[in-house]
Structure formats: C-alpha cells, structure tokens
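Take a look at the model, then read the points by topic.

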Amino acid sequence: MPNPRDELSDIRASGLWRQLREIKATTSTTITVSRQTVVNFSSNDYLGLAHHPSLKKAAQETIEKFGSGASASRLVC
C-alpha cells in the first residue's frame, strides 16, 4: 500500500497541491488576493448583475407571477 506522505509529497512536487487562498472583499465582482485586485470569476455574480435595478425588478415581477422554489436537474430526479 502506498505511503500517504509520499503521495502528498509527489502532489506538491508536481505543482498539483491545492491550498485555500485568503480572499478579502468577497461581496463584489472583484476580490483582493495577495494584495492584487482581480475579477472574481468563481463568483456566481462576476458580472455584477445581481444588484442591477432592472434585473431585480424583473426577478421580483417573475416571482410574483410564477413563484419560486428549488429543484434539481431532471437527471437527478
């Protein structure tokens, strides 16, 4: 059986080791990582549309008309 420490060492040596980065200002389209401001493409709102007034109004009107709810993909169901 392989030694887990050796496997982890191999992962680090190959550059595949993943580590969480400290991120500040996560509520906008940009974040600060290592003192550099970058676009947060991992956000569900990287375009900044979630707070756009016309989209908020359209969402509210649609919810009033059709309701809302969570569901899964058809493949899951």
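The side chains of E61 and K57 form a salt bridge, with N to O at 3.9 Å. The model is predicted. A search of the whole structure turns up 1 salt bridge.

**The E61–K57 pair**
- Side chains of opposite charge can pair when their charged atoms come close.
- Both residues belong to helix α2, which covers residues 53–66.
- E61 and K57 are 4 residues apart, so about one helical turn separates them.
- An α-helix has 3.6 residues a turn, so residues three or four places apart point the same way.
- E61 is partly exposed, at 47% relative accessibility.

- D45 sits in the loop between β3 (36–39) and α2.
- D45 is buried but has no salt bridge.
- Which side chain of opposite charge is nearest to D45? It is K56, 10 Å away.
- The D45 side chain instead reaches backbone nitrogens: that of L49 at 2.8 Å and that of A50 at 2.9 Å.
- Beyond its neighbours within four places in sequence, D45 is in contact with T29, A50 and H51.

**The two ends of helix α1**
- Helix α1 spans residues 4–13.
- At its start, a side-chain oxygen of N3 comes to within 2.8 Å of the backbone nitrogen of R5.
- Just after α1, G15 adopts a positive phi of about 80°.

Notes
Residues numbered from 1 in each chain as written. Predicted model: local features only at pLDDT ≥ 70, side-chain atom pairs only at ≥ 80, totals over all residues. Heavy atoms only, no water. Salt bridge = Lys/Arg side-chain N within 4 Å of Asp/Glu carboxyl O. Buried < 20%, exposed > 50% of the residue type's maximum accessible area, 1.4 Å probe, protein only. Lys, Arg positive; Asp, Glu negative; His and termini not counted. Polar contact = N/O pair within 3.5 Å; in protein donor to acceptor, adjacent residues only side chain to side chain. Contact = heavy atoms within 4.5 Å.
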